[in-house]
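Hi there,

I'm passing along the structure we talked about, so please have a look when you get a moment.

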Amino acid sequence: RKDDQEYGNSLNNLASLYTDMNNYPAAINARRNVLDHLIKIFHRKTTDYATTSTRLAKLYIETGDYDSAFALLKDASIIYQAELDSNSTNNSLYAETLDQIASLYNKQNDFTNAEFYYKKAKDIKELSIGENNPSYAESLNNLGLLATKRKNYPEAKKYLDSASDIRLHQLGFGHPDYSESVNNI
């Protein structure tokens, strides 16, 4: 078992190296190998599998393969959702995955689905980490930017003002995320 884990870690490290080198074809291949290895070890899809799927999806996004990214992110979200009640760490991973799905929809100008997934991520963060958290502010910021794209400026201002307030109080005046919020407003 230890050898299997060390081999999996080596594959992950190799995938990270290829990613850092911007060698996306090799990184994609290495991440696929990690997924195959995880299935071989655990005989099922685990949260490690979901995390690796999310990492692979990011590579697909970088290369413009949105269909493959969607499939992996949705698969990861199902795995995380199954863990939602039992582990608060997975709650944040689940919310992050939903944010990425929303972002993909947003890139494709599918604002209805983008809003659905951004709001779902926001709701999970609200329940798991509370409203006075930078990650929750990120969700408000995402919703504000989406409302701006939809030209719903009153809604955009509401979300962006709330994100800005949270970031100011939690991160401080000089933090880049607070500056981003002010710029977005």
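Below is what turned up, starting with a pair of helices and moving on to the aromatic rings.

Please keep in mind that this is a predicted model.

Helices H3 (residues 47-62) and H4 (residues 66-82) have axes that come within 8 Å and cross at roughly 160°. Since an angle over 145 degrees counts as roughly antiparallel, that is how H3 runs relative to H4. Their contact involves, among others, Tyr 49, Leu 56 and Tyr 60 of H3 together with Leu 72, Ile 79 and Tyr 80 of H4. Sorted by class, the H3 and H4 contact has 13 nonpolar, five polar and one charged residues. The crossing of H3 and H4 is left-handed.

On to the aromatics: searching the whole structure gives four aromatic pairs. One of them is Tyr 105 with Tyr 117, a stacked pair because the ring centres are 5.7 Å apart and the planes lie at 15°. Tyr 105 belongs to helix H5 (residues 88-107) and Tyr 117 to helix H6 (residues 111-128), so the pair ties together parts 12 residues apart in sequence. Tyr 105 is buried at 11% relative accessible area, and Tyr 117 is buried too, at 14%.

Phe 173 and Tyr 178 make a tilted pair, with centres 5.8 Å apart and planes at 45°. Here Phe 173 is exposed at 65% relative accessibility, whereas Tyr 178 is buried at 12%.

Finally, Pro 176 sits in helix H9 (residues 176-184) and is exposed, with a relative accessible area of 57%.

Best wishes

How values were computed: Residues numbered from 1 in each chain as written. Predicted model: local features only at pLDDT ≥ 70, side-chain atom pairs only at ≥ 80, totals over all residues. Heavy atoms only, no water. Axes fitted to C-alpha atoms, helices over the stretch in contact; angles between N-to-C directions. Helix = DSSP H or I, 4+ residues; strand = E, 2+ residues; numbered from the N terminus. Parallel < 35°, antiparallel > 145°, perpendicular 65-115°, else oblique. Left-handed = near helix turned anticlockwise from the far one by under 90°. Contact = heavy atoms within 4.5 Å. Nonpolar A, V, L, I, M, F, W, Y, C, P; charged D, E, K, R; others polar. Buried < 20%, exposed > 50% of the residue type's maximum accessible area, 1.4 Å probe, protein only. Phe/Tyr/Trp six-rings, centres within 6.5 Å; stacked < 30°, edge-to-face > 60°.
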